[in-house]
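Here is a short report for a reader meeting this structure for the first time. Please look over the sequence and the fold before reading on.

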Amino acid sequence: MGEPARPHLVVLSGSGISAESGIQTFRASDGLWADHPIEEVATPEAWRRDPERVLHFYNLRRDQVRRARPNAAHKALAALEKQGFRVSIITQNIDDLHERAGSRDVLHLHGEILKARSTVDRRMQYRLPRGGIALGDICDKGSQLRPDVVWFGESVPHFGDACEIVAEADLLLVVGTSLAVMPAASLLDYAPLDTPCLLVDPEAESLAPPGVTRLAQPAGKGVPQLVRHWKRERRLW
Ligand code: APR
């Protein structure tokens, strides 16, 4: 007889999971997009118009990410994995807080701010352990480097992989996202119909689509609470 299958938790996280680490969310009245209009910093057109401004915006955000530390929600998910659960994280976040908390299976749907990539070849990626990207910084083919993030209007290269992961979930945990952005928000539709889905977000009551269980709490409180329960029960749900 083989070992019993490990319970598989699939997490879809958004900027709200990093809010208690001091990283701004996007769509709140004091969110990031309020001061930095999307069309000026996060589209291919913005890059063509004023690459220096775009680089500056991401250089500042990169410094903020480096200063931030994983919070209780990131840590609880990593601890659940250590406990023997299978935990796959699909994050819309470009920070590395899930990894720094110890999670090993993390897919970044919208890229990673701590990486640069070539403007001509998506596969030419470079880690940025320190510093930022300047105009004139080039890839091995001689083209300008840009942040390795997905801008509005660009394709989401790992979306197919994310759909496959969601399709294998025993439970889908959505944390800290307004579910306003496609195709990320549509991932909920790729879970098998009988897969329970839970949303942890202070605004869960108004955000959760039909059939999704709501936990209207900040991630740093709600996620550790769920994880404690799952560890005690040795199963999800
Ligand atoms: N814990 C959990 N959730 C929180 C917390 C918290 N402490 N604080 C705020 N939130 C929730 C808000 O209630 C909101 O629902 O986080 C969510 C943030 O939503 P958005 O600002 O829309 O950010 P997000 O859903 O991550 O955006 C998705 O859009 O702007 C693009 O590419 C960007 O990845 C981003 C994507």
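## M124 and its loop

M124 sits in the loop between β4 (111-118) and β5 (125-127). Helices (H or I, at least four residues) and strands (E, at least two) are DSSP runs, numbered from the N terminus. This is a predicted model: local features need pLDDT of at least 70, side-chain atom pairs count only at pLDDT 80 or more, and totals for chains, interfaces and linings use all residues. Residues are numbered from 1 along each chain as its sequence is written.

A residue is buried if 20 or more other C-beta atoms lie within 10 Å of its own, exposed if 12 or fewer, and partly exposed in between, with C-beta atoms placed from the backbone. Beyond its neighbours within four places in sequence, M124 is in contact with R117, S118, C139, D140 and K141. Contact means that the C-beta atoms of two residues, placed from the backbone, lie within 7 Å. D137 is 13 residues from M124 along the chain, and their C-alpha atoms are separated by 13 Å.

## Overall build

The protein chain has nine helices and nine strands. Its C-alpha atoms fill a box of roughly 55 × 45 × 30 Å along the principal axes. The radius of gyration is 18 Å, which agrees with the value near 18 Å for a compact globule of 237 residues. That radius is taken over C-alpha atoms, and the globule rule is 2.2 Å times the number of residues to the power 0.38.

Buried residues make up 38% of the 237 residues. Among contacts with a separation of 6 or more, 63% join residues 24 or more positions apart.

## Two domains

The chain is divided into domain 1 (1-23 + 71-110 + 157-237) and domain 2 (24-67 + 115-149). These bounds come from an automatic or database domain assignment. The contact between them takes 10 residues from domain 1 and seven residues from domain 2. On the domain 1 side, four are nonpolar, four polar and two charged. Here Ala, Val, Leu, Ile, Met, Phe, Trp, Tyr, Cys and Pro count as nonpolar, Asp, Glu, Lys and Arg as charged, and the others, Gly among them, as polar. The C-alpha centres of domain 1 and domain 2 lie 26 Å apart.

## Cores and α5

The largest nonpolar core has 42 residues. Such a core is a set of buried Ala, Val, Leu, Ile, Met, Phe, Trp, Tyr and Cys residues joined through C-beta atoms within 7 Å. L9, V11, L77, I90, L172, V175 and V223 have the most contacts inside it. α5 (72-82) is one of the elements giving two or more residues to this core. With six residues, α5 gives the most. A second, separate core of 15 residues includes V41, Y58, I113 and A116.

In α5, eight of 11 residues are buried. They pack against β1, β2, α6, β7 and α9. After α5 comes G84, with a positive phi near 110°.

## Around the ligand

The ligand is surrounded by 24 residues, and the closest are G14, G16, G176, S178 and P218. Domain 1 and domain 2 each supply at least three residues to the shell.

Terms used
A residue is near a molecule or strand if its C-beta atom, placed from the backbone, lies within 6 Å of it.
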